[in-house]
Amino acid sequence: MIEVRDIHKKYRRRKVLDGVSFQIEKGEITCLIGTNGAGKSTIMKAIMGLTPFRKGEIIIDGQKLGKERYEKISFIPDHLTMPPAMKLDEAMVFMADFYRSWNEDRAKELMGFFQLEGKERIGNLSKGTAAKFNLLLGLALDTEYVLMDEPFSGIDMFSRALITEVFSSHLIEDRGVLITTHEIADVEHLIDQAVLLKNGSVIRNFNCELLRMEESKSIVDVMKEVYQA
Amino acid sequence: MKFYLKLVHMEVHRFRYLLGGLMVLTLLMQFGVVLLWSLSERSIRTGPGWSEKLITYHPFSETGKLTFNEMMFNNQFWFSFPVLISIAVIAGYVFLIWYRDWLGRDTFIYRLLMLPSNRGCIYAAKLTAILLFTFGLVSFQLLLLPLEMMLFNLAIPEALRDPSYLSQAILQNQVLKVLIPGQLDAFVMAYAIGILTVLAAFTVILLERSYRVIGIGFAVIYVFVCGAALLAPITLQRPGNTASYLYPGETYSIMLALTVIIVFVSVWLSIRLLNRKITV
């Protein structure tokens, strides 16, 4: 379990995160929901040690982890983070070189699934293809948790369908997933827990299945209550 | 260690075309200068109306014949030009080696910071890469010089030239004289100052990347403090005041000690920033 405990972060005088707390359980998909600037990406970066925070702590399976976290959690940012001059094959060699958790067979499986060409240069990829390869780099790591920042951002409906398919496949099974997306409708049926953020604070945190059963509400219904109130 | 070596390899791999380009530019320009000047001088000296008696002052050769030293002395600008370009490119790359990973469409710094290794390896790899490029280019220049001397000897008939020594030839060029000094202590001092400057630049970059606009202010203060500390043994001495007078050896020792302190502080601060304050 990843525990985010009372995280505070300021940028200049603005409170970017104001006492954010929630948990990511293994085998569940947790969705961070919020308008632009709510602090979703910042939380992911904080979990990955890519941005400092003033107060609070992040506990991963009962421990505060340093560099070991990168073999336990994979982060898929909202854009591909490999040099444009690299070929896809070279990027995979890079990952295999540096990560013990890199799963070559799974990487090859995903290359086939997303119909990617190893000889292609990263700089020449279309936005949709880059998003698929980005997903591959994160999912081909045998990590216990996966964080995905806007995996559907700016891609066509066919690519989106292909990526959605990944969520219900063995590639995600048993892992703890944290996802941010504005395309809730595409993944609503897959989400186990929703964390609603507003101005850097958690304003609702609920189990989606329970909400559906007890209040007959969807995530979108709750979002309308919270953000349009 | 494995991570560090892999990162060094990657950094060198990313700069390989530019490094190759600088080497080719140096080779073509310096060979061109040697060839053009030698052929021109040969045609003058073998042409009608030439007399050895016309030359009354022979700074490069007692006999008044052509030497490689003379060629080096008479072609300061064009011979140094590719070397100065290389220095400028390396100086720019000290900044680009970090900013390239942050700026642009593909922010590779995310991946670098998420590698399951000590972040000090990223710092060490970038520093090593800069040193490898610098010493690679200096070594290449050292390799070119005897070849250029051979080219000179091929272009000028034996009857028209006197031999030169490479060590003396280097002294004829104002830029090479600084880059490849004859004495070991001068060599160590020149490159120690160079490395110190690179370390200070890395700290400045990481301060800016950690604190952004405010970081620029911190960087200015840091550079000022380092500069003031380094020059203090010289600036604090007043002529005529025996109480504050230091012997040159003492000044040199204090400056050396301060250099070591600044190196340690810069490395410690940079790695601390990378571990605790850096933001993507």
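The C-alpha centres of domain 1 and domain 2 of chain B sit 27 Å apart in this predicted model. The domain assignment gives domain 1 as residues 1–180 and domain 2 as residues 181–280 of chain B; such bounds come from an automatic or database domain assignment. Where the two meet, domain 1 of chain B puts in 18 residues and domain 2 of chain B puts in 14, with contact taken to be C-beta atoms, placed from the backbone, within 7 Å. On the domain 1 side, H3, H4, H5 and H7 of chain B each give two or more residues, and H5(B) gives the most, with 5 residues. Sorted by class, that side has 13 nonpolar, 3 polar and 2 charged residues. Here Ala, Val, Leu, Ile, Met, Phe, Trp, Tyr, Cys and Pro count as nonpolar, Asp, Glu, Lys and Arg as charged, and the others, Gly among them, as polar.

A word on conventions. Residues are numbered from 1 along each chain as its sequence is written, and chains are lettered from A and ligands numbered from 1 in the order in which they are written. Because the model is predicted, local features need pLDDT of at least 70 and side-chain atom pairs count only at pLDDT 80 or more, while totals for chains, interfaces and linings use all residues.

Helix H3 of chain B covers residues 76–102, and at 1.5 Å a residue its 27 residues should span 39 Å, which agrees with the 39 Å between its end C-alpha atoms. Helices (H or I, at least four residues) and strands (E, at least two) are DSSP runs, numbered from the N terminus, and the expected span is 1.5 Å times one less than the number of residues. Still, H3(B) has a kink of about 40 degrees centred on B:Leu96, the bend being the angle between axes fitted to the seven residues ending there and the seven starting there. Just after H3(B), B:Gly104 takes a positive phi of about 90 degrees.

Among the buried residues of H3(B) are B:Ser86, B:Ile90, B:Val94, B:Ile97, B:Trp98 and B:Asp101 (buried: 20 or more other C-beta atoms within 10 Å; exposed: 12 or fewer; partly exposed: in between; C-beta atoms placed from the backbone). The cover over the buried residues of H3(B) includes helices H1 (2–46), H5 (120–155) and H8 (184–235) of chain B.

The contact between chain A and chain B takes 20 residues from chain A and 19 from chain B. Helix H2 (69–72) and helix H3 (88–98) of chain A each give two or more residues to the chain A side, which by class has 13 nonpolar, 2 polar and 5 charged residues.
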